Amino acid sequence: MNIPRTRRRAAALLAATALAALTACGTSGGSGDGSAARPTVEVRIPDPGNSGVLALGKKDGSLDRALAEVGAKVRWTGSAGPFAPAAQAMNAGQLDIATGSITSGITSLAQRPGFKFFTAVAPDAAGEGILVRNGSGITSVKDLVGRRVAVNQGGTGEYLLLKALAKAKIPADRVERVYLRPDQTAAVFNAGQVDAWAVWATYAVAEIGSGKAHFVADGAAIGSDNYSLNAVRTGFAEQHPEIVRALYRYLHEASAEEKRDPAAYLNVFTDVGPTAVTGKAKEVQTGFTRQGGTVDPIGPEDIERFRAVAAFYAEQKVTKGRIDVTPHLLDIEKPA
């Protein structure tokens, strides 16, 4: 069948317009003119490394497939690490999604935040705590008096130490806090330059797996309220609520799968080298994951525990006053 030339020209013009729209990606989202062809929205997320839900989602393409259903895709940028610099990047409009703890989140909220939290993972009762070297002579939190303990300032480490001391009724000034970045602490800890390390699973697994260290008190013993949270840049959440909900659904379902089969989410890209989890450390990590929580919406009971952390931080003078977390939370299940 012959198609009139004018119709062929019109079809070609429409195809070119659609192609241009599909290839014009960016964080700004839809075209705004009501056309059917809308640009793909890029979601900027720190590179997840070699393990975890996002790592597997990156490798097998499942995350991009889930986001494609709402007109989005991931642009991996930088690398996952402490929440404080990620919060600064969101505040500056350079990052859309990041993961952190409620403890580091509260201190970051004191800095004119440009982000909101939209998911919660229950505190890690098994995988965080006060780490000591085997044979150190430290057998309880009370043995930390007069000792040096490495912590990350204003984050999980400082919280865990202060919480452990408060529970043991030990004044905070009886223990010296040594402020170090987590990724710089292992060498200091193993050299004996600090007596203990208040830390979470990301760094504790290798030390416990080496057979040379253990928790003198874990999250359960400390009574930790240290949730893990996902944060989204406020402007992104306002422009693309459907994408944030799609990301939540993916994380929720994948975290449940990870809990059932932790080994499948380890060594996603390589099983050798410094990012690989092997030997005893692999057993330790899978054990922690099985006992851990899943990515869930933030509920009223979670908010009360967030407020307890904020009050504790104010009491301990980690923050200048009590930070109100509530305005910085999203109800991910609320219809748009």
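Helix 8 has its buried residues covered by several elements, including strand 5 (129-133), helix 7 (185-190), strand 8 (196-199), strand 9 (213-218) and helix 12 (279-291). This is a predicted model. Helix 8 spans residues 201-209. Its buried positions are Ala201, Ala204, Val205, Glu207, Ile208 and Gly209.

Now take the direction of the helix. Helix 8 lies across strand 5, strand 8 and strand 9. Against strand 9, helix 8 runs at about 130°. Just after helix 8 comes Gly211, with a positive phi of about 80°.

Five strands form an open sheet in the order 7-6-8-5-9. The pairing is mixed. Strand 7 (176-179) and strand 9 are the edge strands, and each pairs on one side only. From one strand to the next, the twist averages 30°.

Look at one pairing within this sheet. Strand 6 covers residues 148-151 and runs parallel to strand 8. Two bridges join strand 6 to strand 8. Here Val149 stands opposite Ala196 of strand 8.

Finally, confidence. The protein averages a pLDDT of 90, and 89% of the residues score at least 70. Residues 1-35 stand apart from that average: pLDDT stays under 50 over this stretch. The model has 35 contacts beyond four places in sequence for residues 1-35. Where pLDDT is low, predicted coordinates should not be read in detail.

Key: Residues are numbered from 1 along each chain as its sequence is written. This is a predicted model: local features need pLDDT of at least 70, side-chain atom pairs count only at pLDDT 80 or more; totals for chains, interfaces and linings use all residues. Side-chain values use heavy atoms; hydrogens and water are left out. Buried means under 20% relative accessible area, exposed over 50%, partly exposed in between (1.4 Å probe, protein chains only). Helices (H or I, at least four residues) and strands (E, at least two) are DSSP runs, numbered from the N terminus. Contact means heavy atoms within 4.5 Å. Two strands pair if DSSP finds at least two bridges between them. Axes are lines fitted to C-alpha atoms, for helices over the stretch in contact, and angles run from 0 to 180 degrees between N-to-C directions. pLDDT is the predictor's confidence in each residue, from 0 to 100.
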